[in-house]
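Got the model loaded and a selection tool handy? Let's walk through it one stop at a time.

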Amino acid sequence: MGKLTEENRNYWTKLDSDIGDGDHGINLSIGFRAIKKYMDETDLSNTDIKGFLKKVGMTLLGKVGGASGPLYGTLFMKMASPLTEETEVTSEQLAEMIIQGIEGIESRGKATVGEKTMVDALEPGKQVLAENKATITTETLNEFEVKMQEGAESTIPMVAKKGRALRLGDRAIGYKDPGAESSQMLLKVLADHLSQKIS
């Protein structure tokens with residue numbers, strides 16, 4: 001995810017410049033650089049997944065400015081919720097982790113589909129996982145990615161009802177929500193990794 005963040009830092013910042021503060025990509029880059037530093041300096045061989053995800057979430061909460069820090073921090077911390085001391089998880093467990101992470105974002109941001117936020121991308125993906133979590137296949141993951149991508153695209157014609165873009169009214173129409181785009185791209189990394197494991 002750190003590599004993706006660096007590669008798309010300017011792209012996400014441009015999206016945010018159109019309708020927000022213009023710092024979305026920069027903030028995420030700062031957060032994921034801090035996570036990489038932690039990983040480089042820490043022996044993770046004895047770290048369980050729950051503990052690692054909680055550390056990632058707390059790092060994002062502390063390092064990422066604006067609304068993104070609390071939302072992305074919540075994503076990873078809630079992903080840790082279903083776990084105990086596992087050092088490996090099944091595809092079905094990861095699906096449940098992602099579902100709970102997305103639900104955490106929805107609860108924290110108090111957003112619903114149609115308000116021009118990351119929820120527009122994440123909720124359709126969550127529904128795919130929820131409907132198929134008993135048996136996760138590569139087809140399920142492909143649909144998960146497609147639905148999130150479509151959800152991000154769906155924000156373009158929307159009037160914003162949350163966040164900084166709210167103040168723009170109709171002027172936000174025609175621009176993609178930066179959080180919707182970054183979140184679907186970052187969760188696609190998880191889905192692609194899992195797809196390689198089960199293919």
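**Stop one: a loop residue**

Start by selecting Asp21, which is partly exposed because its relative accessible area is 42% (buried is under 20%, exposed is over 50% and partly exposed is in between, using a 1.4 Å probe and protein chains only). Before going further, note that this is a predicted model, where local features need pLDDT of at least 70, side-chain atom pairs count only at pLDDT 80 or more, and totals for chains, interfaces and linings use all residues. Residues are numbered from 1 along each chain as its sequence is written, and side-chain values use heavy atoms, with hydrogens and water left out.

Asp21 sits in the loop between H1 and H2 (helices are DSSP runs of H or I with at least four residues, strands are runs of E with at least two, and both are numbered from the N terminus). Show its surroundings: not counting residues up to four places away in sequence, Asp21 touches Asp16 and Arg164, where contact means heavy atoms within 4.5 Å.

**Stop two: Thr59**

Next, pick Thr59 in helix H3. Thr59 counts as buried because its relative accessibility is 12%. Its side chain reaches the backbone oxygen of Lys55 at 2.8 Å. That is a polar contact: a pair of N or O atoms within 3.5 Å, where within protein one must be able to donate a hydrogen and the other to accept it, and residues adjacent in sequence count only if both atoms are side-chain atoms. Leaving aside neighbours within four places in sequence, Thr59 is in contact with Gly31, Ala34, Ile35 and Val64.

**Stop three: helix H5**

Select H5 and check its length. Its 19 residues should span 27 Å at 1.5 Å a residue, and the end C-alpha atoms are 27 Å apart, which agrees; the expected span is 1.5 Å times one less than the number of residues. Colour its buried residues, among them Leu94, Met97, Ile98 and Glu106.

**Stop four: Gln184**

Move to helix H8 and click Gln184. With 6% relative accessibility, Gln184 counts as buried. Its side chain is joined to that of Glu181 by a polar contact of 3.2 Å. Beyond residues up to four places away in sequence, Gln184 touches Ala121, Met148, Gln149 and Ala152.

**Stop five: the largest pocket**

Finish with the open space. A pocket here is an open set of points on a 1 Å grid over the protein atoms alone, where a 1.4 Å probe fits, with protein on both sides within 12 Å along at least five of seven lines; lining residues have an atom within 4 Å of a point. The largest pocket has a volume of about 890 Å³, the space filled by probe spheres set on the points, which are joined across faces, edges and corners. Select Ile49, Phe52, Leu53, Leu190 and His193, which lie nearest its centre among the 28 lining residues. Which helix gives the most to this lining? That is H8, with six residues.
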